[in-house]
Amino acid sequence: MAQEIKKQTGVPAERHPLDAWGSLRGDMDRMFEGFFGGRGLPSLFGAGGAAGALSPSVEVRENDKEIVIEAELPGMQEKDVQLTFRDGVISIKGEKRSERDETKDDVHICERSYGSFQRSFRLPDTVEVDKAVANFDKGVLKVTLPKTAEAVNREKKIPIGQG
């Protein structure tokens, strides 16, 4: 099964007692993690008010023949997303920009927001990356990674006897 590679968050296990800035940063990190449900600082993705999680929701499924990765990227276009594979790791990267410039009567509103993300997953050696297929439709990226023929036929039933 694909395994997500996670960035380390929080505070280093050991630090100098006089490192006040490190302590303050650790306290702030814990506060944001608690406030935003362990998801880090807010960005353009996810649910929860005007801001959400720092990275998009990703679902990884595996069956006998393939591994399927689906990432929800609402409001994004295919040109804003990169899919790469290197050293057994598949990475999904993207940037989302939003700009609103509106003038009505005596009010001028100009808002810009920007967010980027990266999600990476280590793939087993049994995946044929050269035969991977990726589709982007209605804000959902779907990556299908077929397994090698020997991986599909690797499972063997072992009879269970009495005694």
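Colleague: Why is Glu111 called partly exposed?

Modeller: This is a predicted model, and every label rests on values computed from it. Glu111 has a relative accessible area of 43%, and since buried means under 20% and exposed means over 50%, Glu111 is therefore partly exposed.

Colleague: What makes Glu111 and Arg100 a salt bridge?

Modeller: Their side chains meet with N to O at 3.2 Å, and the rule asks for a nitrogen of Lys or Arg within 4 Å of a carboxyl oxygen of Asp or Glu, so the pair qualifies. Glu111 lies in strand E6 and Arg100 in strand E5, 11 residues apart. Arg100, at 35% relative accessibility, also counts as partly exposed.

Colleague: Which residue forms a salt bridge with Glu62, and how do you know that the pair links distant parts of the chain?

Modeller: Glu62 is paired with Lys147, the closest N and O atoms being 2.7 Å apart, which is again judged against the limit of within 4 Å. Glu62 is in strand E2 (residues 58-62), whereas Lys147 is in the loop between E8 and helix H2 (149-152), and 85 residues separate them.

Colleague: Are Glu62 and Lys147 buried or partly exposed?

Modeller: Glu62 has 35% relative accessibility and so counts as partly exposed, but Lys147 has a relative accessible area of 14%, and because buried means under 20%, Lys147 is buried.

Colleague: Which residues are linked in a network of salt bridges?

Modeller: The network links Glu59, Arg61 and Glu70. Within it, the side chains of Arg61 and Glu59 meet at 2.6 Å, N to O. Arg61, at 34% relative accessibility, counts as partly exposed, and Glu59, at 41%, is likewise counted as partly exposed. By this rule the protein has nine salt bridges.

Colleague: What makes Leu24, Met28 and Met31 a nonpolar surface patch?

Modeller: A patch takes residues with over 30% relative accessible area and no salt bridge, with nonpolar side chains joined within 5 Å. Leu24, found in helix H1 (residues 20-35), has 43% relative accessibility and therefore counts as partly exposed. Together with Met28 and Met31, Leu24 makes a patch of about 270 Å².

Colleague: Which residues have the most contacts inside the largest nonpolar core?

Modeller: That core has 16 residues, and those with the most contacts inside it are Ile69, Leu73, Val81, Ile90, Ile92, Leu141 and Leu145. At least two of its residues come from each of strand E3 (66-72), strand E5 (89-104), strand E6 (107-122) and strand E8 (140-146). In soluble globular proteins, nonpolar side chains tend to be buried together.

Colleague: What is Ile90 in contact with, leaving aside its neighbours within four places in sequence?

Modeller: Its contacts, beyond those sequence neighbours, include Ile69, Leu83, Phe85, Phe121, Val143 and Leu145, and also Thr84, Arg119 and Ser120.

Colleague: How many helices and strands does the protein have, and what pattern does it follow along the sequence?

Modeller: There are two helices and eight strands, read along the sequence as β-α-β-β-β-β-β-β-β-α. Of the contacts with a separation of 6 or more, 48% are between residues 24 or more positions apart. Buried residues make up 24% of the 163 residues, while the protein exposes about 12500 Å², of which carbon and sulfur atoms supply 49%.

Definitions and conventions. Residues are numbered from 1 along each chain as its sequence is written. This is a predicted model: local features need pLDDT of at least 70, side-chain atom pairs count only at pLDDT 80 or more; totals for chains, interfaces and linings use all residues. Side-chain values use heavy atoms; hydrogens and water are left out. Patches are made of residues with over 30% relative accessible area and no salt bridge: like charges are joined within 9 Å, nonpolar side chains (Val, Leu, Ile, Met, Phe, Trp, Tyr) within 5 Å. Accessible areas come from the Shrake-Rupley method with a 1.4 Å probe; for residues, only the protein chains shown count as cover. Helices (H or I, at least four residues) and strands (E, at least two) are DSSP runs, numbered from the N terminus. Buried means under 20% relative accessible area, exposed over 50%, partly exposed in between (1.4 Å probe, protein chains only). Contact means heavy atoms within 4.5 Å. A nonpolar core is a set of buried Ala, Val, Leu, Ile, Met, Phe, Trp, Tyr and Cys residues joined through side-chain atoms within 4.5 Å.
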